[in-house]
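Please open the model in your viewer and keep the sequence panel beside it. The stops below tell you what to select next and what is there.

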Amino acid sequence: MENFPVINLEKVNGEERGATMETIKDACENWGFFELINHGISHELMDTVERLTKEHYQKCMEQRFKELVATKGLEGVQTEVNDLDWESTFFLRHLPQSNISEIPDLLDEYRKVMKEFALRLEKLAEELLDLLCENLGLEKGYLKKAFHGSKGPNFGTKVSNYPPCPKPDLIKGLRAHTDAGGIILLFQDDKVSGLQLLKDDQWIDVPPMRHSIVINLGDQIEVITNGKYKSVMHRVIAQTDGNRMSIASFYNPGGDAVIYPARTLVEKEADENNNLYPKFVFEDYMKLYAGLKFQAKEPRFEAMKAIESNVNVGPIATA
């Protein structure tokens, strides 16, 4: 099996820019995932985020999770569980408006650090979107503009812990799915593994690597690129020992952003492949996704295509 793509982002600014851009292009076309090192976010900040996240779980969430497991009788299950995940999570919203001050039980230091981390990730997401534009032959800023809507992008973070699981063969940490949104930036545990992606009908481990950021592409990138880049099924395998930390940040279109294949990419395709994807308002897609997350993406695209004629769509925002 070929190696999982690891990209040294520093090299886009040096003599190896061409080769690095080609590696990013290959990762987007053939993997839907890649791992970034030297991405510009300080190791000190990442270490602080990890420490405070793990402390918060132990202090505020671990006991709740154990009580939930006991209530549902999950430790004694004998058959595969398909309707829930072995994870403990909470969500932070950054854009268009932050809710970090409203989340209970967070230390002030943790709130401050997560705000700083989110700002760094937002900048990195927008930098990556422009690198994707360059590889796709789209004008700089096209993807950011496509995501903008009237209020700017949606940007939020899912903070997860995957505790030790007594029956990992029967309960997934997180069931297989593609991500609905745009570009996802993951800071994952470097000691406890579990994340896998589906490639060529095989589940492949995403290697834990200290201080890296794992990138994956969501359904909206697949639509805008007219299928040139694809969102990829992935899952989390529960482990019998070790608590896996996962901090996934989602840079998504604004709710009223109109999503459709970039015209220049449609024109480049052969006639029979034109208009492979629908045109829709992002929040309408999310309503559909909410009930179908753990199913194949293709029926979601088909469902949006079926109602496309009823959607009043215009050009992408210029703001």
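**Starting inside a strand**

Begin by selecting Ser 246, which has its place in strand β11; strands here are DSSP runs of E of at least two residues, and helices are runs of H or I of at least four, numbered from the N terminus. This is a predicted model, in which local features need pLDDT of at least 70 and side-chain atom pairs count only at pLDDT 80 or more, while totals for chains, interfaces and linings use all residues. Residues are numbered from 1 along each chain as its sequence is written, and side-chain values use heavy atoms, with hydrogens and water left out.

Ser 246 is buried, with a relative accessible area of 6% (buried means under 20%, exposed over 50%, partly exposed in between, with a 1.4 Å probe and protein chains only). Leaving aside its neighbours within four places in sequence, Ser 246 is in contact (heavy atoms within 4.5 Å) with Lys 158, Val 159, Ser 160, Tyr 162, Leu 186 and Phe 187.

**Out to the sheet**

Next, show the open sheet of seven strands, whose order is β1-β2-β9-β6-β11-β4-β3 and whose pairing is mixed; two strands pair if DSSP finds at least two bridges between them. Its edge strands, each pairing on one side only, are β1 (6-8) and β3 (88-95). Strand β6 (residues 183-188) and strand β11 (residues 244-252) run antiparallel and are joined by six bridges, and Ile 183 has Tyr 251 as its bridge partner in β11.

**Across the sheet**

Now select helix α3 (residues 108-136), which lies across β2 (33-37), β3, β4 (154-162), β6, β9 (213-217) and β11, and runs at about 135° to β6 (axes are lines fitted to C-alpha atoms, for helices over the stretch in contact, and angles run from 0 to 180 degrees between N-to-C directions). After α3 comes Gly 137, whose phi is positive, near 80°.

**An aromatic cluster**

Finally, select Tyr 277, Phe 280, Tyr 285, Tyr 289 and Phe 301, which form one aromatic cluster; rings of Phe, Tyr and Trp (its six-membered ring) pair if their centres lie within 6.5 Å, and planes under 30 degrees apart count as stacked, over 60 as edge-to-face and the rest as tilted. By this rule the count comes to nine aromatic pairs. Phe 280 and Tyr 285 form a stacked pair, 5.2 Å centre to centre with 20° between the planes. Phe 280 is buried at 0% relative accessibility, and Tyr 285 is buried with a relative accessible area of 0%.
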